[in-house]
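Open the model in your viewer and keep the sequence panel beside it. This tour goes from one selection to the next and says what is there.

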Amino acid sequence: MPRLYPLLMALVVLLQPPVSMAEPDPKVGSDAHALPPGEGKVLVAAQCSLCHSLALVTQNRADREGWRTLIRWMQKKHGLWELGELEAPILDYLENHYAPLGSGRRPPLAEHLLPVSARTGLEYGPP
Ligand code: HEC
């Protein structure tokens, strides 16, 4: 058995599933997969992942003005460069995908989830 050991180890190594050959796209941040697809994704991935993880982006929500304010803040305090003509499509993307979540009441229930009384107009209760 001791002689077989190297052979067994070689088999274990050889039987590993192949490592994926897909190279990460060097043009975009390594966690760019976290961004939903859409116009502007590549810009956000490229411009917004150089100083911090894109998780900082994806865990935040704001309206267009909020995102603009944040960009100005990073430009003023953290050395973010002028985005120039990239700013508008970046804001479009952020506004579309990371707008504030709806607040207040939940949306109304679907018809088939309503209690029978609400669907038929029948009322329960003492006659
Ligand atoms: C030049 C560096 C740099 C670039 C490029 C950059 N940021 Fe930042 N960003 C920072 C720094 C520094 C912080 C503060 C990190 C911390 O608080 O630890 C930050 C924080 C944030 C935050 C969290 C703010 C909060 O309230 O905690 C968000 C969201 C954000 N950045 C979004 C973006 C977006 C969107 C882009 C692309 C347009 C971007 N960042 C590009 C430097 C940068």
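This is a predicted model: local features need pLDDT of at least 70, side-chain atom pairs count only at pLDDT 80 or more; totals for chains, interfaces and linings use all residues.

Select helix 2 and helix 5: their axes come within 9 Å and cross at roughly 105 degrees. An angle of 65 to 115 degrees counts as roughly perpendicular, so helix 2 and helix 5 are roughly perpendicular to each other. To see where they touch, show the side chains of Lys-41, Leu-43, Val-44 and Gln-47 on helix 2, then those of Pro-89, Ile-90, Tyr-93 and Leu-94 on helix 5. Coloured by class, the residues of this contact of helix 2 with helix 5 come out as six nonpolar, one polar and one charged.

Next, the core. Which residues make up the largest nonpolar core? Select Leu-35, Val-44, Ala-45, Cys-48, Val-57, Trp-67, Tyr-93, Leu-94 and Tyr-98, nine residues in all. Helix 2 and helix 5 are the elements that give two or more residues to this core, and helix 2 gives the most, with three residues. As background, nonpolar side chains in soluble globular proteins tend to be buried together.

Setting aside its neighbours within four places in sequence, Leu-94 is in contact with Val-44 and Trp-67.

Now centre the view on Ala-45, which is in helix 2. Is Ala-45 buried or exposed? A residue is buried if 20 or more other C-beta atoms lie within 10 Å of its own. Ala-45 has 23 C-beta neighbours inside 10 Å and therefore counts as buried.

Move on to the ligand. Around it are 16 residues, of which Cys-48, Cys-51, Asn-60, His-78 and Leu-80 come nearest. To place the shell in the fold, highlight helix 2 (41-48), helix 3 (55-58), helix 4 (64-77) and helix 5 (87-97), the elements that give two or more residues to the shell. The largest share, three residues, comes from helix 4. By class, the shell around the ligand has eleven nonpolar residues, five polar ones and no charged ones.

Finally, zoom out to the whole protein chain and colour by secondary structure. What does the secondary structure of the protein chain come to? There are six helices and zero strands, so the order from the N terminus on reads α-α-α-α-α-α. Of the 127 residues of the protein chain, 9% count as buried. Among contacts between residues at least 6 apart in sequence, 54% join residues at least 24 apart.

Methods: Residues are numbered from 1 along each chain as its sequence is written. A residue is near a molecule or strand if its C-beta atom, placed from the backbone, lies within 6 Å of it. Helices (H or I, at least four residues) and strands (E, at least two) are DSSP runs, numbered from the N terminus. Ala, Val, Leu, Ile, Met, Phe, Trp, Tyr, Cys and Pro count as nonpolar, Asp, Glu, Lys and Arg as charged, and the others, Gly among them, as polar. Axes are lines fitted to C-alpha atoms, for helices over the stretch in contact, and angles run from 0 to 180 degrees between N-to-C directions. Angles under 35 degrees count as roughly parallel, over 145 as roughly antiparallel, 65 to 115 as roughly perpendicular and the rest as oblique. Two residues are in contact if their C-beta atoms, placed from the backbone, lie within 7 Å. A nonpolar core is a set of buried Ala, Val, Leu, Ile, Met, Phe, Trp, Tyr and Cys residues joined through C-beta atoms within 7 Å. A residue is buried if 20 or more other C-beta atoms lie within 10 Å of its own, exposed if 12 or fewer, and partly exposed in between; C-beta atoms are placed from the backbone.
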